[in-house]
Amino acid sequence: MTTSLRIAAASALLIGGGAAAYAGGPTDPQIAHIAYTAGTIDIAAAKQALVRSHNKAVRSFAQEMVRDHTAVNDKALALVKKLHVTPEANPTSAGLSKQASATLARLSHLHGRQFDRAYVASEVGYHKTVNGALADTLIPSANNAELKSLLQTGLTLFREHQQHAEQLQAALK
Amino acid sequence: MRCARLAGALLITIAAAAPAGAKSAPRTVTVIVDKLAFGTIPAGLHVGDTVRWVNRDLFLHSATSSGHFDIGLPPGAQRNMRLTRAGQFAFICKYHPGMKGKLTVQ
Ligand SMILES: [Cu+2]
């Protein structure tokens, strides 16, 4: 699959599929699960980059992804504990995970600049997709105010990461 | 990180050795960093004043002005920075490029 196709598929999954899978939008336990999964996926991608990439800027970006997404996921775990919410598995989370496994497998065959470019392109697309889902589906559907606020922080973070990934992508050309 | 801290330390050492340029007593102003944004930058800053960067956010940030300063700001940390030169200093967070601000020092 090409990168743009993959992004389109992921977008459909998150936005269209999200709406179709849940009449009235996802519930807070489902939203928490999706947000946490989205962070975990980006951490796994970054760990792969830290194993495979020798490019200083790419490695620094990957370290930032691990650091920032771990911070926000730790906060999310603390919040669900406090709210006595149990994150609930759902088709959107499953779809994201499946797609992420495919990306990890595809990138595992690439080396050097090829890997760096593919990883960064995948990061641009992934952050764009998650931003769309957060803004259009997850944030509007969230009921709990603290969860909504954390998702908003997540959206700001993902937007910053998208911008950083785009700068990196331009520099790698 | 070590580099950033070193650069910060250097700046502060130089500041301590330089004569104060401001007439009024030096003051310390606080800039809060939270939710991936720099808070309001106080106006009327003078050479000799100190900017205290306070990171209330979940994330590692930096206050970086290319060629001038590069302060690493771990979550929950605060760092003091003496202002040693007059001028306008645009700065960013080197990790989160949308985070921007400008210091104007007289
Ligand atoms: Cu930052």
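Guide: Buried means under 20% relative accessible area and exposed over 50%, with partly exposed in between (1.4 Å probe, protein chains only). This is a predicted model, where local features need pLDDT of at least 70 and side-chain atom pairs count only at pLDDT 80 or more, while totals for chains, interfaces and linings use all residues. Residues are numbered from 1 along each chain as its sequence is written, chains are lettered from A and ligands numbered from 1 in the order written, and side-chain values use heavy atoms, without hydrogens and water.

Visitor: Is B:H61 buried or exposed?

Guide: B:H61 has 0% relative accessibility. Buried means under 20%, so B:H61 counts as buried.

Visitor: Which residues are the protein donors of the copper ion?

Guide: Donors are N, O and S atoms within 2.8 Å of the metal (3.2 Å for Na, K and Ca); water is not among the atoms, so sites may look incomplete. In sequence the donor residues follow the spacing H-x31-C-x2-H. Lying 2.0 to 2.2 Å from the copper ion, they are B:H61 (ND1), B:C93 (SG) and B:H96 (ND1).

Visitor: What is the relative accessible area of B:H96?

Guide: B:H96 is a donor of the copper ion, through ND1. B:H96 is buried, because its relative accessible area is 0%.

Visitor: How far apart in space are B:I71 and B:K94?

Guide: B:I71 counts as buried, at 5% relative accessibility. In sequence B:I71 and B:K94 are 23 residues apart. From C-alpha to C-alpha, their distance in space is 9.9 Å.

Visitor: How many salt bridges does the rule find across the interface of chain B and chain A?

Guide: A salt bridge is a side-chain nitrogen of Lys or Arg within 4 Å of a carboxyl oxygen of Asp or Glu. Across this interface, the number found is zero.
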